[in-house]
Amino acid sequence: MISHAECGKTWTGNRRAHCPAEGCHETFNSDSAAEKHRVGKPGIDRHCISPAEAGLVPVSKPWGICWQNPGPDNPVWRTSGEGE
Ligand SMILES: [Zn+2]
Ligand SMILES: [Zn+2]
């Protein structure tokens, strides 16, 4: 179990990504899913949009909502170098 002290949210799985941005603190299935809810240029106007707006789908986990890319998410066939 991993937790983020700032927001108190917890999750499991070390491939997950949690967004530390103020007002966001959503948890994502992977970095590639998390990337989709960030728009703009880093250091200039980079910011979060709502994961639903980014086309991600919410999946209920015992620890809360995990946003993931649409479609089947089966770690068995995911390659280790999962794309950006
Ligand atoms: Zn957080
Ligand atoms: Zn965010």
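Residues are numbered from 1 along each chain as its sequence is written, and chains are lettered from A and ligands numbered from 1 in the order in which they are written. The mean pLDDT, the predictor's confidence in each residue on a scale from 0 to 100, is 88 for the protein, and 85% of its residues reach 70 or more. Over residues 80-84, however, the pLDDT is below 50, and this stretch has four contacts in the model beyond near neighbours in sequence. Where pLDDT is low, the predicted coordinates should not be read in detail.

The secondary structure comprises one helix and eight strands, helices (H or I, at least four residues) and strands (E, at least two) being DSSP runs numbered from the N terminus. Along the sequence these elements follow the pattern β-β-β-β-α-β-β-β-β. Of the contacts with a separation of 6 or more, 34% are accounted for by residues 24 or more positions apart, two residues being in contact if their C-beta atoms, placed from the backbone, lie within 7 Å.

Buried residues make up 18% of the 84 residues in the protein; a residue is buried if 20 or more other C-beta atoms lie within 10 Å of its own, exposed if 12 or fewer, and partly exposed in between, with C-beta atoms placed from the backbone. The largest nonpolar core has seven residues, namely W11, F28, A33, A34, L56, C66 and W67. Helix 1 (31-35) and strand 8 (64-68) are the elements that give two or more residues to this core. Such a core is a set of buried Ala, Val, Leu, Ile, Met, Phe, Trp, Tyr and Cys residues joined through C-beta atoms within 7 Å. When neighbours within four places in sequence are left aside, W67 is in contact with E26, T27, F28, N29, A33, P51, L56 and P58.

Strand 7 (residues 57-61) pairs with strand 8 in the antiparallel sense over five bridges, where pairing requires that DSSP find at least two bridges between two strands. The two strands form a hairpin with two residues between them. Within this pairing, the bridge partner of V57 in strand 8 is Q68, and V59 stands opposite C66, a residue listed in the largest nonpolar core.

E6 lies between strand 1 (2-3) and strand 2 (10-11) and is exposed because 10 other C-beta atoms lie within 10 Å; its C-alpha atom is separated by 9.7 Å from that of E22, 16 residues apart along the chain. H25, in the loop between strand 3 (17-18) and strand 4 (27-28), is partly exposed, with 15 other C-beta atoms within 10 Å. The phi of H25 is near 55 degrees, a positive value in a residue other than glycine. Most residues other than glycine have a negative phi. R46, in the loop between strand 5 (38-39) and strand 6 (47-48), is exposed, with 11 other C-beta atoms within 10 Å, and it touches R38, G40 and K41, not counting residues up to four places away in sequence.

Conventions:
This is a predicted model: local features need pLDDT of at least 70, side-chain atom pairs count only at pLDDT 80 or more; totals for chains, interfaces and linings use all residues.
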